[in-house]
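Hi,

Here is the model I promised to pass on.

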Amino acid sequence: MNSLSNTVKTALFIAIISPTLVFAKTTLITNIQGYTITGNSLESFAAIAFTDDKIDKIYSATDKLPTSKNLTIIDGEGKTLIPGLIDSHGHILSYGLSLLRADLVNSASEQDAINKTLAYAKNNTELTWIQGRGWNQTQWPSNAFPSAESLDKQFPKQPVWLKRIDGHAGWANSKAMAMAGITKDTVSPEGGEIIKDKNGIPTGVFIDNAMALIDNSIAPLTIKEQKQVLVKAMGSLASYGLTSVHDAGIDTDNLNAFKELSQENAMSIRVNAMLYLPSAKWQQTLAGGKYRSEDDMLTFNSVKIQTDGALGSRGAALIEDYSDHAGHKGLLLNTPKEFENLVNTSMRQGFQVNSHAIGDNANKLVLDTYETYIKATKTQDLRHRVEHAQVLRLEDIPRFAELDLIAAMQATHATSDKNMAQDRLGPTRILGAYAWRKLLDANTIIAAGSDFPVESPNPFFGLHASITRQDHKNSPQGGWFADQKMTPLEAFRSFTLDAAYSGHQENIIGSLAKGKKADFVLLNHNLFTMPEQKIWQVSVDKTWVNGKLVYKK
C-alpha cells in the first residue's frame, strides 16, 4: 500500500512540477520547402518537428519521418518555411497608434493630406484631438513644409497634430498651438526648431525636440490603453512574418505595459525592449536591472539614445552644411556632454547601448564616445549598436568592426530616400550613405529592420530593397548605387541570425535547429527561387511563435 501511495504521489509531483512531461504533444510539419542558415550556408529541409516551444529536429528529404499516436501532422502543401523574421528596429506603440489614426502615407500634396485628415475626423467624431502620421513634403509638388493656415481652413476649432512619416517633425493647426501656449515669443528648445515665417510667426511645423511642446498638451495613454494598442500592433506585425521586434525606445510605463502583457500570456510576438534615454523614471528603471520573461517573449537589456534627427526634415546632424540648405547643419538632440553621460551611465550598469545616428556628425560623435567608454567600462562584449548608421564618413566605416559594434540599418530607408538624399548630401557624402556593402566588406554585422511606422513593417519590402536597391517599380534600373547591394543570403541573415545576434538571442532564435525556439513562418512564394524584383510581393500564410500558431491567413 505504501509503495502504491508513493507511486501515486510521485506521479502527481511530476505532473505538478513538469506538466510538459505529461501533456507535451509533438507537431510535425511536412511537405515544405524549408530554409535556414547553418554556419555561413543556406540549408534546405523538407520537414520540421517541434514539441511545445522547442524544435526537436529538422528533416532532409531523405530522412525517415517519425510516426506516433501522439503526433500532430500538418501538411505544408509544398510551401516555403523559414525562420521567423526579426525586425531589429521598430516602434510598436507608435505603429499601433498609426493603425488607429489618420494615415497620411503617400499623400500626394498638402491638400491631399488635409483631405485625408478631414475624412478621418468625420469617422471619429468622438475625438478631442485629431492626430495622424505619414506626410512627407519631399513627395509633394511644392517640396515645402505645410502650414497651420492650410489646416485652419478645415479645422478652425479642433486641435490637429500630424506627424511627419519619420516622426521627426510635426504639423499643428492654430488651435493646437494655442492649447500648447505657442506664440511668436516661444523660443525653440535645445535640439529642436519651431519653424517661423519672415515675421517670426510660428508656421505650425515643429522639428525634433520642439515637437514635445505640442505632445505635452495631449493626455498620455493609460497603461490599459497602451496594452490594447500593443496587442493590436503585435497581431498586425505577426501577419507580416515578424516573430520578434526590437522596440527602439520606450519609456518605463510602456515597459510596464509589456510586462503585464507578458505575465498575462497576451504577447503574440517576442519583444526586445530598449529604454529611451532620457525619459521619465529612466534612472530608477536602469537601477532595477535587466528583465527576461521565462518564455523569452519579453527581454529588456538595452537602451536607446537619440543623437540627431532625420535627413528628410534636415534634422540629421552633418559636419558640413546641407548641400541644399546653406548655413544649416542639422540638430544634435543632446549636447555631446549629455550624450557621454547617458552612454557612460548605461554601460556601467551593464546595458547594451543603441544610439540613433543619421548624419555623419552624429555618427562620428557616437563612434568617438563609444570608443572612449567601451574601453573605460570594458563592455565590448555587450555588442553596442549604432541605429541607422545612415551617413558615414568613409574613414569611420572600419571603426564598427574595430569596436565590435553592430550597424542596425533599415534597407527601405535607402529606397525611400533616394529621391532626396543626394540633394541633401551632395556627390561626395552620398558615397558613405546607406553603405551596406562597404560595411559588410569591413566585417560589420548588419541587423536589419524597418523603423516602422516610418516605413512599412513588411520585412519582404526590406529584403527586396537590400537585394535590389530598387523601389516597387523596379526603379532605378539596376539599383540605386547598386554597388552597395547585399546578396540574398546576406539580406536573409540580416533579418534572422544577425538580427538575433544583435539582441543577444542567437542561441534561441534566428535559425532553425534542435533546441531552438519554434519560431517560423510559412510563405506563399519561395523566397530563394523567385525573381528578386518580386520579393516585396511575398505574403505570409502562417506564423508560429514559441510553438503557437499566432497568425493564419
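Let me start with T186: if we leave aside its neighbours within four places in sequence, T186 is in contact (heavy atoms within 4.5 Å) with G181, I194, K196 and L213. Before going on, a word on the source: this is a predicted model, where local features need pLDDT of at least 70, side-chain atom pairs count only at pLDDT 80 or more, and totals for chains, interfaces and linings use all residues. Residues are numbered from 1 along each chain as its sequence is written, and side-chain values use heavy atoms, with hydrogens and water left out.

Back to T186. You'll find T186 in the loop between α6 (174-179) and β13 (192-196); helices (H or I, at least four residues) and strands (E, at least two) are DSSP runs, numbered from the N terminus. T186 has a relative accessible area of 17%, so T186 is buried (buried means under 20% relative accessible area, exposed over 50%, partly exposed in between, with a 1.4 Å probe and protein chains only). The side chain of T186 reaches the backbone nitrogen of T183 at 2.9 Å. As for L261, 75 residues from T186 along the chain, the two C-alpha atoms are separated by 41 Å.

S293 belongs to the loop between β17 (291-292) and β18 (298-306), and with a relative accessible area of 5% S293 is buried. Its side chain makes a polar contact with the side chain of D295 at 2.8 Å (a polar contact is a pair of N or O atoms within 3.5 Å; within protein, one must be able to donate a hydrogen and the other to accept it, and residues adjacent in sequence count only if both atoms are side-chain atoms). Beyond its neighbours within four places in sequence, S293 is in contact with S262 and L298.

E506 is the other one, in the loop between α19 (497-502) and β23 (520-523). Why does E506 count as buried? Because its relative accessibility is 18%. The side chain of E506 makes a polar contact with the side chain of R383 at 2.9 Å. Not counting residues up to four places away in sequence, E506 touches R383, L497, A500, Y501 and K516.

Now the helices. The axes of α11 (residues 336-348) and α12 (residues 360-377) come within 10 Å and cross at roughly 35 degrees (axes are lines fitted to C-alpha atoms, for helices over the stretch in contact, and angles run from 0 to 180 degrees between N-to-C directions). On the α11 side, P336, F339, E340, V343, N344, M347 and R348 take part, and they meet L365, V366, T369, Y370, Y373, I374, A376 and T377 in α12. The residues of this contact divide into 10 nonpolar, 3 polar and 2 charged (Ala, Val, Leu, Ile, Met, Phe, Trp, Tyr, Cys and Pro count as nonpolar, Asp, Glu, Lys and Arg as charged, and the others, Gly among them, as polar).

Further along, α17 (residues 459-468) is mostly covered, with 9 of its 10 residues buried. Among them are F460, L463 and I467. At the start of α17, a side-chain oxygen of N458 reaches to within 2.9 Å of the backbone nitrogen of F460. After α17 comes R469, with a positive phi near 55 degrees.

Finally, the sheets. G34 has F45 as its bridge partner in β3, while T36 stands opposite E43. The β2 and β3 hairpin has 2 residues between the strands, and G39 there takes a positive phi near 65 degrees.

The other open sheet has 4 strands in the order β5-β4-β1-β6, again with mixed pairing. β5 (54-59) and β6 (71-75) stand at the edges with a single partner strand each, so one side of each is left without a neighbour in the sheet. Here the twist averages 20 degrees from one strand to the next. Within it, β1 (residues 26-30) and β4 (residues 47-51) run antiparallel and are joined by 4 bridges, with T26 opposite T51.

Cheers

Technical notes. Two strands pair if DSSP finds at least two bridges between them.
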